Amino acid sequence: MAKKKNKKQISSIVSFVQAVLGIVAIIMIFIPAISLKDTETTYSGLQIVFGHKESTLLGEVVVFNFSFMNLLTYLLAIAGVVFTILGMLGKGSKFATFIACACLLVSGIFFFLSVSFCAPNTTASDLTNVFGGNIKDAYTLGAGSIIGGILCILSALLAGYNIFSNKK
């Protein structure tokens, strides 16, 4: 009896840590997600997801357009946290934990693809393509993408622990 109670308590703690890691990964939307190589210019997750304009001497210039795939990264992390909480509350049992694991794992992978998923200004992209380059080569991952990816993958591993440790 005591062993079963101890196992349930460990599972609850693991689920709580999993949810906290997922929430911190979602907060990474406010931290620089990508940056320009060899400069100090960075763009937050909000800017690469919903688009970004900068004011210049020539007027407003669109730097990034809306990126659905980068939005999907954060939506999957949110879904993972929601299903983790449902699993903690006992509303979805192992199935909710399995969905949380899948969502967080895919979200973690997508965090590392933020540069590939960004949608830079089409005029600038076309101009660099004419010269044989790719504008996305000028970008690197920022701290927000790296930390978010690591936290989501760790959270998915904790969900996997809950799936396979609670055999009934």
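Predicted model: local features only at pLDDT ≥ 70, side-chain atom pairs only at ≥ 80, totals over all residues.
## A hairpin to begin with

A two-residue hairpin links strand β3 to strand β4. Strands here are DSSP runs of E with at least two residues, helices are runs of H or I with at least four residues, and both are numbered from the N terminus. β3 covers residues 52-56 and β4 covers residues 59-65, and they pair in the antiparallel sense over five bridges. Two strands are said to pair if DSSP finds at least two bridges between them.

Residues are numbered from 1 along each chain as its sequence is written, and side-chain values use heavy atoms, with hydrogens and water left out.

## The three-stranded sheet

Strands β2, β1 and β6 make an open, antiparallel sheet of three strands, in the order β2-β1-β6. At the edges are β2 (42-44) and β6 (139-141), each of which pairs on one side only. On average, neighbouring strands of this sheet are turned by 30° against each other, direction ignored. Helix α7 (residues 143-165) packs on the sheet and touches β1 and β6, its direction making about 140° with that of β1. Such angles run from 0 to 180 degrees between N-to-C directions, with axes being lines fitted to C-alpha atoms, for helices over the stretch in contact.

Which residues face each other across the strands? In β2, T42 stands opposite S35, and Y43 stands opposite I34. On the β6 side, the residue opposite I34 is L141. β1 pairs with β2 over three bridges in the antiparallel sense, and β1 and β6 also pair in the antiparallel sense over three bridges.

Start with A33, which lies in strand β1 (residues 32-36). A33 counts as buried because its relative accessibility is 0%. The cut-offs are under 20% relative accessible area for buried and over 50% for exposed, with partly exposed in between (1.4 Å probe, protein chains only). Leaving aside neighbours within four places in sequence, A33 is in contact (heavy atoms within 4.5 Å) with Y43, S44, G45, I48, T140, L141, G142 and S145. Its C-alpha atom is 8.5 Å from that of V115, which is 82 residues away along the chain.

D38 counts as exposed because its relative accessibility is 83%. Although D38 is not a glycine, its phi is positive, at about 60°. Most residues other than glycine have a negative phi.

## The nonpolar core

The largest nonpolar core has 24 residues, and those that touch the most other members are I34, Y43, I48, F64, Y139 and C152. A core of this kind is a set of buried Ala, Val, Leu, Ile, Met, Phe, Trp, Tyr and Cys residues joined through side-chain atoms within 4.5 Å. Two or more residues come from each of α1 (2-27), β1, α2 (45-50), β4, α3 (68-89), α4 and α7. The largest share, five residues, is that of α7.

F64 shows how such a residue is surrounded. Setting aside neighbours within four places in sequence, its contacts include I34, Y43, I48, C118, P120 and Y139. C118 counts as buried because its relative accessibility is 2%.

Helix α3 has 22 residues and spans 31 Å from its first C-alpha to its last, close to the 32 Å expected at 1.5 Å a residue. The expected span is 1.5 Å times one less than the number of residues. Its buried residues include L71, Y74, L76 and V81. Just after α3, G90 takes a positive phi of about 80°.

Helix α4 (residues 93-111) has 19 residues and reaches 27 Å from first C-alpha to last, close to the expected 27 Å. Among its buried residues are A96, A100, L104, F110 and F111.

## Cysteines

How many disulfides does the structure hold? There are zero, a disulfide being a pair of cysteine sulfur atoms within 2.5 Å. C103 is in no disulfide, and the nearest cysteine sulfur, that of C101, is 9.5 Å away. C103 counts as buried because its relative accessibility is 13%.
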